[in-house]
Amino acid sequence: MQRKLTAILAADVVGYSRLMEADETGTLERLKVNRSEIFDPAVAAHGGRLIKLMGDGALVEFPSVIDAMKCALEIQQATSRAEPECADPQRLRYRIGVNLGDVIVQGDDIYGEGVNVAARLESLAPAGGIALSRTVRDQVEGKVPGSFDDLGEHTVKNIQRPVHVFSLRPAGESGAEPVKPDAARHFSICVLPFANMSGDPEQEYFSDGITEDIITDLSKVSALSVISRNSAFTFKGKQVEVPQIARQLKVSHVLEGSVRKSGGRVRITAQLIDGATDNHVWAERYDRELTDIFALQDEISEAIVKALKLKLLPEEKKAIEQRGTDNIEAYNVYLMARQNYVTGNLGDVRRDEAIVRLCRRATEIDPNYARAWALMATGQRLLWSTHGRQGESGLAAAERALALDANLAEAHAIKAQILADEGRNDEASAEIAVALRLDSESFEVNRSAANLCFRQQQLEEAIRYWEKATALVETDFSSPSMLITCYTALGNSPAAARAAQVTLARVEKVVAQDKNNGSAMGYGVSALASLGETERTKEWINRALLIDPDNLNMRYNFACGLAAHLKESDAALALLGPFFQKVPGDFLAHAKVDPDLNSLRDDPRFQSMLAAAESRLAQG
């Protein structure tokens with residue numbers, strides 16, 4: 001994976017949809033002339049490289065931020081001269097954002113946070129103006145003609161940290177009016193879990209699935225920030241006033257609704273509420289045949305976009321309409337599998353078996369259902385790597401998913417995990433780069449990226465992705481447990497303690513529901529040991545070994561806790577003996593780099609166990 005620091009310019013035509021609606025032929029011709037006579041020559045004159053054109057938008061990289069800013073100024077001033085004021089409202093104007101940031105290079109394209117920030121800056125720029133990050137302002141101040149207006153910090157979509165935004169006012173001009181932070185209101189939305197009104201708790205998977213699909217659809221709208229599923233579902237079943245939710249999550253709007261599925265029909269009600277005023281912006285009730293569910297989801301998403309007066313780009317509309325299947329039976333079975341994956345307990349073999357079984361059925365109904373193939377690959381890998389099951393590793397299912405949909409981020413992520421299990425790290429890195437570009441907010445993508453970085457002993461990078469995964473799914477105890485390992489290895493004791501507390505709280509909820517979940521107890525023991533709760537650590541180990549003695553994942557985590565935090569080498573090695581006798585190759589690769597076991601590596605007993613395991617695996 002090649003990275004570099006570069007200056008990025010993102011440009012977009014103001015009101016392009018309105019211009020096209022009023023005069024499609026004329027707008028296209030004027031844009032073509034502008035690009036050939038103004039935009040492209042300016043890019044070339046300042047040493048820029050055009051990365052891609054996206055309808056009315058463009059992405060360009062430059063060797064320096066000064067070149068990028070001078071190019072942006074030239075484009076805006078030349079376009080203004082070519083489009084006189086009297087031409088309003090048909091005047092052609094650009095919004096331009098400029099950023100200096102780290103990018104991932106793949107072929108002729110670039111991806112990553114540096115590009116994402118440039119795109120968000122462009123959306124915050126005034127019409128006919130330039131918005132830039134603080135880093136760019138600091139680099140170019142005094143080196144380009146003009147002054148800077150401070151627009152404050154903005155929380156923007158898919159970027160964890162607020163971005164400090166400035167706009168450039170050209171020298172000698174009043175210029176385009178600088179945007180005040182509230183002038184171009186950036187909409188954000190929380191989609192609350194739709195209530196199951198079917199009278200059957202077993203139908204919960206369907207209403208949750210509809211909610212998740214609407215969240216996914218709205219997340220494809222670049223002008224809208226959408227709260228993650230994890231945060232939205234914390235309000236499930238709770239009576240909370242909409243203004244309180246809006247304040248707590250800092251969103252402008254809240255969508256709530258209900259689903260009633262009965263026989264071959266479905267009724268969905270939905271209402272969009274302004275978080276500040278508690279007023280309804282839009283509401284609708286749909287009574288349809290169940291076979292219309294996909295068209296119905298499209299209608300809801302497009303109605304919300306229309307109600308907020310946002311621009312839905314053609315590629316965004318196309319992405320929303322791509323459901324992966326038009327077979328309602330396959331979709332229904334997939335939602336059952338997805339529900340098992342999201343709400344089931346990590347480490348529960350019954351959960352993983354159900355995922356594979358349900359996804360296999362979905363793909364039998366519709367062999368071209370990429371999402372079902374990708375989730376099947378996840379279940380198969382868990383059975384293979386965590387539970388030591390013989391059979392499919394999940395690679396064939398992941399590759400089938402990608403053959404059907406090359407833009408499915410989760411399929412790239414699970415393929416990367418399996419490739420890393422097989423020691424094919426370069427191929428895994430390439431898959432992760434694609435997955436992060438496609439969906440940097442995906443839990444599966446962040447967890448896969450973290451695992452790969454950990455295997456390559458890039459602990460700081462692994463922490464970044466595991467922190468994101470921990471925030472995305474509140475039931476995930478594996479990610480915060482791995483944060484204990486990373487922070488401990490880096491000597492950050494306060495952060496390790498925080499991660500241990502999160503891990504333990506999540507594990508305790510699982511164990512309260514399923515006292516036989518050995519895998520959960522394995523992660524819990526690591527947390528308890530890290531927090532210095534020696535007696536409780538040993539109580540959990542003794543009880544769990546009686547309940548689930550053959551659980552390799554559990555034994556391994558027990559050994560890690562004892563070795564890394566309680567310094568009990570003999571007890572740790574006793575637990576590792578049966579582990580090394582059966583450990584699969586991918587798990588062995590993890591153990592060979594895990595800093596939790598560093599205190600054992602010089603012990604001849606550990607070295608002997610490791611050598612025997614490597615010999616066994618080499619013989620097939």
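Leaving aside neighbours within four places in sequence, L483 is in contact (heavy atoms within 4.5 Å) with I463, W466, E467, T470 and A499. The model is predicted, so local features need pLDDT of at least 70 and side-chain atom pairs count only at pLDDT 80 or more, whereas totals for chains, interfaces and linings use all residues. Residues are numbered from 1 along each chain as its sequence is written, and side-chain values use heavy atoms, with hydrogens and water left out.

L483 belongs to helix α19, residues 478–489, where helices (H or I, at least four residues) are DSSP runs numbered from the N terminus. With 2% relative accessibility, L483 counts as buried, a term that means under 20% relative accessible area with a 1.4 Å probe and protein chains only. Its C-alpha atom is separated by 6.1 Å from that of A499, 16 residues apart along the chain.

The whole structure holds 9 aromatic pairs, counted for rings of Phe, Tyr and Trp (its six-membered ring) whose centres lie within 6.5 Å, with planes under 30 degrees apart stacked, over 60 edge-to-face and the rest tilted.

Because F454 lies in helix α17 (residues 443–455) and W466 in helix α18 (residues 459–472), their pair ties together parts that are 12 residues apart in sequence. F454 is buried at 1% relative accessibility, and W466 is buried at 1%. F579 is buried with a relative accessible area of 0%, and F580 at 3%; ring pairs link Y556, F579, F580 and F606 into a cluster.

Note on methods:
Helices (H or I, at least four residues) and strands (E, at least two) are DSSP runs, numbered from the N terminus. Buried means under 20% relative accessible area, exposed over 50%, partly exposed in between (1.4 Å probe, protein chains only).
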